[in-house]
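Please keep the sequence and the model in view while reading.

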Amino acid sequence: MFLPMLYSKIHRAKVTDANLHYQGSITIDKTLAQSANLLEGSQVDIVNINNGERFSTYVIYGTADSGEICLNGAAARKVHIGDQIIIIAYALLSQEELQTYKPSVVFVDEHNKILSIKEEI
C-alpha cells in the first residue's frame, strides 16, 4: 500500500508576479525550488493565505536567487502580487519508506529568501 504524504513545502512565500498570458504553472526561484526538492514539472498544490484559494499546478524554475514566485496562466487569477502562499508537494510512499521518511519544509522571509529548512511536518 502507498500513502500520499507531505513531501516538501515552501511556507509563506510572497507572490512577486502573476502572468495571465503564459502557459499554466508556477515559476519558482530555482535555488528556492531545489532547496525544497522540487523538480521542474512536479505537481504542487498552492494555498493562498490571503484569500483561501487552493489549486494545483506544476513547477518551472525561475532565475536562481531572484526570489521569484510567479503564478502563470489561469492560476494568475487566483492570486494578487504580494499574497502569501504555501507551496506543497506530496509523494506516494510505501509502509517501508515511511519508517525513514522526513519531509522538507522551507521557511522564507518577505523577500522569499531562505530562513531555514527543517525536516518535519
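Leaving aside neighbours within four places in sequence, Leu38 is in contact with Ser8, Ile10, Ile28, Ala33, Val44, Val59, Tyr61, Ile87 and Ala89; contact means heavy atoms within 4.5 Å. The model is predicted, so local features need pLDDT of at least 70 and side-chain atom pairs count only at pLDDT 80 or more, while totals for chains, interfaces and linings use all residues. Residues are numbered from 1 along each chain as its sequence is written, and side-chain values use heavy atoms, with hydrogens and water left out.

Leu38 also belongs to the largest nonpolar core, which has 22 residues; Leu38, Ile10, Ile26, Ile28, Leu71, Ile85 and Ile87 touch the most other members. A nonpolar core is a set of buried Ala, Val, Leu, Ile, Met, Phe, Trp, Tyr and Cys residues joined through side-chain atoms within 4.5 Å. Buried means under 20% relative accessible area, exposed over 50%, and partly exposed in between, with a 1.4 Å probe and protein chains only. Two or more residues come from each of β1, β3 (25-29), α1 (30-35), β4 (43-48), β5 (54-62), β6 (69-72), β7 and β8. The most come from β7, which gives three. A second, separate core of seven residues includes Leu6, Val47, Ile86 and Ala91.

The strand pairings are listed next. Helices (H or I, at least four residues) and strands (E, at least two) are DSSP runs numbered from the N terminus, and two strands pair if DSSP finds at least two bridges between them.

| Strands | Sense | Bridges | Facing residues |
|---|---|---|---|
| β1 and β8 (residues 104-108) | parallel | four bridges | Ile10 and Val106 |
| β3 and β5 | parallel | four bridges | Ile26 and Val59 |
| β4 and β5 | antiparallel | five bridges | Gln43 and Tyr58 |

The hairpin of β4 and β5 has five residues between the strands, and Gly52 in this hairpin takes a positive phi near 80°.

Asn112 is found in the loop between β8 and β9 (114-118). Asn112 counts as buried because its relative accessibility is 2%. Its side chain reaches the backbone nitrogen of Lys14 at 2.7 Å. Leaving aside neighbours within four places in sequence, the contacts of Asn112 are Ala13, Lys14, Thr16, Leu32, Gly67 and Ile69.

Methods: Polar contact = N/O pair within 3.5 Å; in protein donor to acceptor, adjacent residues only side chain to side chain.
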